[in-house]
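Let's take a look at how charged side chains pair up in this protein. Here is the structure to follow along with.

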Amino acid sequence: MAKTTKKSIPAYISDIYAWLYLNPTIYNFLNHAAIQNILTLGCHNLLINELNKEIASKSKILQIGITLGGQIAQTSFCLNRKGEYTIMDCLPHILEKCQEKHQNHRINYISANAAKPFKGDYDTIICYMLLHELPPITRQKVITNILKSLPVGGKAVFVDYHLPSSLNPLKYFIRAFNRLYQPFAEALWKTPIREMATDKENYTWSKQTYFGGTYQKVVATREN
């Protein structure tokens, strides 16, 4: 697998997320389900379970982006021998860490940037807790490329932040945290994922929210 170089690192990662993706000590510390459960306010397993409800045992899955915690392992357990699981990420050293962590799982890895068009034979494409890290132009490109890559009947599953209910007592804490560490996350409070898609009329959309509106699952199924 290619090595991560300064030229290969997207600017938003080196400028904003270097503390996480380019710092092995912090990355390794956060890469545990228990830590992620704290950071997601106890919703780590809930969100993974909601994601995995969308996966058939024979699915051919593409996941955009490596995730921290237990999501990848739990998703891989959803598949039988006929299922296929591929993960794409733009940081080769993060792919290597994932491959080492999940060496006992049947997972394929692709070193590529989903902001650029891609092809593949996948019936389900996962985008789990990634969109909030992406700047607006990159986010729209990723959503567009995911949707365009789906066959008719295929679906994209987005799990990410959402505008908390006005009754959610943690709303302002979450906003302050995101403004400090995840400055693009608040955009998902203001604009529905569906509205970020081009040709959105070619897909059937569904949406559910969790934990007082803090998180959302959006599923887009291609009709034509």
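## Arg175 and Glu186

In this predicted model, the side chains of Arg175 and Glu186 come together in a salt bridge, at 3.6 Å from N to O. The pair links distant parts of the chain: Arg175 sits in helix α9 (residues 171-181), while Glu186 is in the loop between α9 and α10 (187-190), 11 residues apart.

How open are these two partners? Arg175 has a relative accessible area of 23%, so it counts as partly exposed. Glu186 is buried, because its value is 11% and the cut-off for buried is under 20%.

One of the links is between Lys53 and Glu50, whose side chains meet at 2.7 Å, N to O. Lys53 is exposed, with 59% relative accessibility, whereas Glu50 is buried, at 9%.

Another link is the salt bridge between the side chains of Lys155 and Glu54, at 3.1 Å from N to O. Lys155 belongs to strand β5 (residues 155-161) and Glu54 to the loop between α5 (44-52) and β1 (60-64), so this pair ties together parts that are 101 residues apart in sequence. Both Lys155 and Glu54 are buried.

## The whole structure

Definitions and conventions: Residues numbered from 1 in each chain as written. Predicted model: local features only at pLDDT ≥ 70, side-chain atom pairs only at ≥ 80, totals over all residues. Heavy atoms only, no water. Salt bridge = Lys/Arg side-chain N within 4 Å of Asp/Glu carboxyl O. Buried < 20%, exposed > 50% of the residue type's maximum accessible area, 1.4 Å probe, protein only. Helix = DSSP H or I, 4+ residues; strand = E, 2+ residues; numbered from the N terminus.
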